[in-house]
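Please look at the sequence and the model first, and then read on.

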Amino acid sequence: MPQAGLKTIIALSFVLAVGFLLVILSCALWKAYYPLLVVATYVLAPVPNWICSHCANPDDFVESSGAAVLDLGRFCTGFLVVMGFALPIVLAHAHIIEIPAMIMSIIGGLLIYGTIISFSMFFQEEQEF
């Protein structure tokens, strides 16, 4: 398991800032602020997974007892991630935002969600048996 050092935190914070900058610029340059909804989806995406992992049964002897709750959390997280990618595409298809704004919003969203996943990977607590 990788350990997070100060350089890792600084690098991930820089990537997160660049992702937010791209999403904000995709809104500000074309004066259509609908791509800011992408930020909400990427910030809310890990929440169902986190809630369902805490609601699952931690019993090691019964494998299938908490699987449905974990699957529900993964499904909701996957839905929010796909919505974060699809929302700028639908907005661009409906001519609500421009194509370059869509591209900047998708790239910014990828950076934001990738940073969230990286933070959770580096700061995950080890489970002891």
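## Thr 77 in helix α4

Thr 77 counts as buried because its relative accessibility is 8%, where buried means under 20% relative accessible area, exposed over 50%, and partly exposed in between, with a 1.4 Å probe and protein chains only. Thr 77 belongs to helix α4, and, apart from residues up to four places away in sequence, Thr 77 touches Ala 45, Pro 48, Asn 49 and Tyr 113; contact here means heavy atoms within 4.5 Å.

## Basis of the model

The model is predicted, so that local features need pLDDT of at least 70 and side-chain atom pairs count only at pLDDT 80 or more, while totals for chains, interfaces and linings use all residues. Residues are numbered from 1 along each chain as its sequence is written, and side-chain values use heavy atoms, with hydrogens and water left out.

## The chain as a whole

The protein chain holds 5 helices and 0 strands, and along the sequence the pattern reads α-α-α-α-α; helices (H or I, at least four residues) and strands (E, at least two) are DSSP runs, numbered from the N terminus. Of the 129 residues of the protein chain, 27% count as buried. Among contacts between residues at least 6 apart in sequence, 72% join residues at least 24 apart.

The protein chain exposes about 8,600 Å², of which carbon and sulfur atoms supply 72%; accessible areas come from the Shrake-Rupley method with a 1.4 Å probe, and for residues only the protein chains shown count as cover.

## Annotated spans

The unreviewed UniProt entry places the annotation "transmembrane region" on residues 6-25, 72-91 and 103-123; its positions are given in the numbering used here, feature names are shortened, and annotations may be inferred rather than shown by experiment. In the model, residues 72-91 are 100% helix and 0% strand, with end C-alpha atoms 28 Å apart, and residues 103-123 are 95% helix and 0% strand, with end C-alpha atoms 30 Å apart.

## Helix α1 and its buried residues

The 23 residues of α1 should span 33 Å at 1.5 Å a residue, and the end C-alpha atoms, 32 Å apart, agree with this; the expected span is 1.5 Å times one less than the number of residues. Leu 12, Gly 19, Val 23, Ser 26 and Cys 27 are buried in α1, and the buried residues of this helix pack against α2 (36-44) and α5 (99-122).

Ser 26 counts as buried because its relative accessibility is 0%, and, leaving out residues up to four places away in sequence, Ser 26 touches Ala 32, Pro 35, Ala 101, Met 104 and Ser 105. Cys 27 counts as buried at 1% relative accessibility; beyond neighbours within four places in sequence, Cys 27 is in contact with Ala 32, Tyr 33, Pro 35 and Leu 36. The C-alpha atoms of Cys 27 and Glu 98 are separated by 9.8 Å, although these residues are 71 residues apart along the chain.

Side chains of opposite charge can pair when their charged atoms come close. The structure holds 1 salt bridge, defined as a side-chain nitrogen of Lys or Arg within 4 Å of a carboxyl oxygen of Asp or Glu, and the side chains that meet in it are those of Asp 71 and Arg 74 (3.6 Å, N to O). Asp 71 and Arg 74 are separated by about one helical turn because they are 3 residues apart in helix α4 (residues 67-93). Asp 71 is partly exposed, with a relative accessible area of 46%.
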